[in-house]
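Thanks for making the time this morning. I would like to walk you through one model, going from helix packing to the chain contact and then to a few backbone details.

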Amino acid sequence: MTAIVSFIGVLFDGLAYGSLLFLISIGLSVTMGLMNFINLAHGAFAMLGGYVAVIAMSRLGIPFLPALAIAFVASGAVGALLERALYRRLYRATHLDQVLFTIGLTFMSIAVATWFFGPGQQPVRLPAFLTGQLHVLGLDLGAYRLFLIATVLVLTLALTFLVERTRFGARVRASVDNQHASVGLGINVERVFSITFALGSALAGLGGGLGIDVLGLDPTFPLKYMVYFLLVVAVGGAGTIRGPLFAALLLGVLDVAGKYYVPQIGAFVIYAAMVALLLAFPAGLAGRRS
Amino acid sequence: MGLPTLKWSKAEIAFWLVPIAAFFLFPHYLTLGSQILIAGLFALSLDLILGYARIISLGHAAFFGLGAYTAGLLARHGYGEPLSGLVLAAAIAAAAGWITSFLIVRGQDLTRLMVTLGIGLMLYETANQASSITGGVDGLSGVEMKKIFGVFAFGLDGRTAYVYSLVVLFLVFNFARMLVRSPFGLSLKGIREGERRMPAIGASVRRKLVAVYTIGAGIAGIAGALLAQTTQFVGIDVFGFQRSAELMIMLVLGGTGYLYGGLVGAAVFMLLQDYLANLNPVYWQFWLGLALVLLVLFARGGLMGGALALRHRLMRGAT
């Protein structure tokens, strides 16, 4: 009986963790799907959101939820700015250039974060209604993790609506499917990309703020989680919502389960799973663009 | 049209006189000097697979680390003969390269990047967890080297380490230089310029990529073993992502696809690091990132590319 309860606990934690990974990675999926751009600096936007939320709460005394909204807006704005100023120049560059460029950005973001906030972990004080446990069907579930899963669920539904039911979403789907034909149909692919890049950065920032309690927040964040974000996209496929969602949840559960049941090999599980998955699907599960 | 010549040009001879001159001119900086030579050898190994075969690797430190731990563990357990340690390290790293190359050749850029990254991280975790063998995060100490040929001991002045590193670097460089100027090297260039067309002239792309990846891994293993032997210590950072990333920066800074680019880039990088990182390590990482961004945006060929363009312009001006 206890084994089953602990298993459900692991599953629950894994789903919460996976939801966060999904929220942060969905922007990266669009970047790779739409422009075939390898962006290793995506985690920096999540880190930015995290620090913005921490500053808003601790220095300006703003409550938790509005602070997350500020993190969302701030990361989106910085994303839009960087896309305009820098990323845009490299869409047609080789993958090597993109990799080098985004590693450079990652290093800079780490140095800047260390300079301003020091190398330590940032604490976060959750509001009272999000702490403690809830009793659901005889199980003790963390209130904050329930909140995380619910938030990501709502956001996913909103995103799905945006992509599948609106005109803008149709443009995004068309651009992912065939960029040249879309241009021919009068779709401004560059603008579609700018907007989705900003939205993706904003969601990453929101995820960074939401995730401080689960993922932690320190200057090495972009490097520490880089593999996870890349993996979500590579396994889930670029340019869709369902693929990365599924991949992120799977990854979250695997990682939490690995650390819970076989702590002595720790992070090894996730890297082994990654190599195995990539071996089975060398072009990624999506495999649409080669 | 025959094969490219193997004759050494004047510029090349002059280039190799620099490290020899440095030995006599800067006797107090020989430790830094051997670090530069080792980094140069490591960059050379990446140049073969990145500059010549266009395989993007974010985990080349895996082979460096395997070489370092092989040489380190051998010496730690009483087998401190340097040369055979070097050979064994190269063999183990090359074997690992050969096995993993089959994962590498299958995918596209993104897959390759992630598989190499994943392998590097897996080895890091292994070294971290197996601390009873590797020393874990504290590193592997107690590495005791015997004298080279039973004559030259590794002393504190770093003279033996410097000369040893330089000789190994030169021999391996010579091998790599012959390799890229051989028919095999030319077919690698062919793959770089047009991967899809190579099968049309009867060349097996897959087999050549496997071969060059294996060789690159073996050379990286030699570089790692040199580091372990000359510093008599192996830190877990030999497997780190930072090492793979910095390696790529050295190579791109110098210029890919010239063989000399990695050596030039390593020298410039290590000298800058020695100066700037002593001021403040956080600054250093910032400048490193900025340098990469600027390099990609404005200076595609690296230092070697710039130098060759300059020479081209001067030669044209002279006639």
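This is a predicted model: local features need pLDDT of at least 70, side-chain atom pairs count only at pLDDT 80 or more; totals for chains, interfaces and linings use all residues.

**Notes from the group meeting**

As background, most residues other than glycine have a negative phi.

There is a second case in chain B, namely B:Arg54, with a positive phi near 60 degrees, again in a residue other than glycine. It lies in the loop between α2 (30-52) and α3 (61-76) of chain B. Is B:Arg54 buried or exposed? B:Arg54 is buried, because 20 other C-beta atoms lie within 10 Å.

Now to the helix packing in chain A. Helix α1, residues 2-35, packs against helix α5, residues 143-165, at an angle of about 40 degrees, and their axes are 9 Å apart. That angle makes α1(A) oblique to α5(A), and the crossing is left-handed. On the α1(A) side the contact is made by residues including A:Phe12, A:Leu15, A:Ala16 and A:Phe22, while α5(A) brings, among them, A:Arg145, A:Leu148 and A:Val152. By class, the residues of this contact are 10 nonpolar, one polar and two charged.

A further pair in chain A is helix α3, residues 64-85, with helix α8, residues 189-210; their axes come within 7 Å and cross at roughly 140 degrees. Here α3(A) passes α8(A) in a right-handed crossing, and the contact has 15 nonpolar, nine polar and two charged residues.

Let me turn to helix α11 of chain A, residues 226-236, which is mostly covered, with 11 of its 11 residues buried. What covers these buried residues? The cover includes α1, α2 (42-58), α10 (221-224), α12 (242-261) and α13 (268-280) of chain A, together with α5 of chain B. After α11(A) comes A:Gly237, whose phi is positive, near 95 degrees.

Among the buried residues of α11(A) is A:Val232. Leaving aside residues up to four places away in sequence, A:Val232 touches A:Leu21, A:Phe22, A:Ser25, A:Pro244, A:Ala247, A:Ala248 and A:Leu251.

Finally, the contact between the chains. It takes 37 residues from chain A and 32 residues from chain B. On the chain B side, α4 (82-106), α5 (109-129), α10 (241-254) and α12 (281-298) each supply at least two residues. Which of the helices gives the most to the side of chain B that touches chain A? That is α5(B), with 13 residues, and α5 of chain B is also part of what covers the buried residues of α11(A). By class, the side of chain B that touches chain A has 22 nonpolar, seven polar and three charged residues.

Key
Residues are numbered from 1 along each chain as its sequence is written. Chains are lettered from A and ligands numbered from 1 in the order in which they are written. Axes are lines fitted to C-alpha atoms, for helices over the stretch in contact, and angles run from 0 to 180 degrees between N-to-C directions. Helices (H or I, at least four residues) and strands (E, at least two) are DSSP runs, numbered from the N terminus. Angles under 35 degrees count as roughly parallel, over 145 as roughly antiparallel, 65 to 115 as roughly perpendicular and the rest as oblique. A crossing is left-handed if the near helix is turned anticlockwise from the far one by less than a right angle, and right-handed if clockwise. Two residues are in contact if their C-beta atoms, placed from the backbone, lie within 7 Å. Ala, Val, Leu, Ile, Met, Phe, Trp, Tyr, Cys and Pro count as nonpolar, Asp, Glu, Lys and Arg as charged, and the others, Gly among them, as polar. A residue is buried if 20 or more other C-beta atoms lie within 10 Å of its own, exposed if 12 or fewer, and partly exposed in between; C-beta atoms are placed from the backbone.
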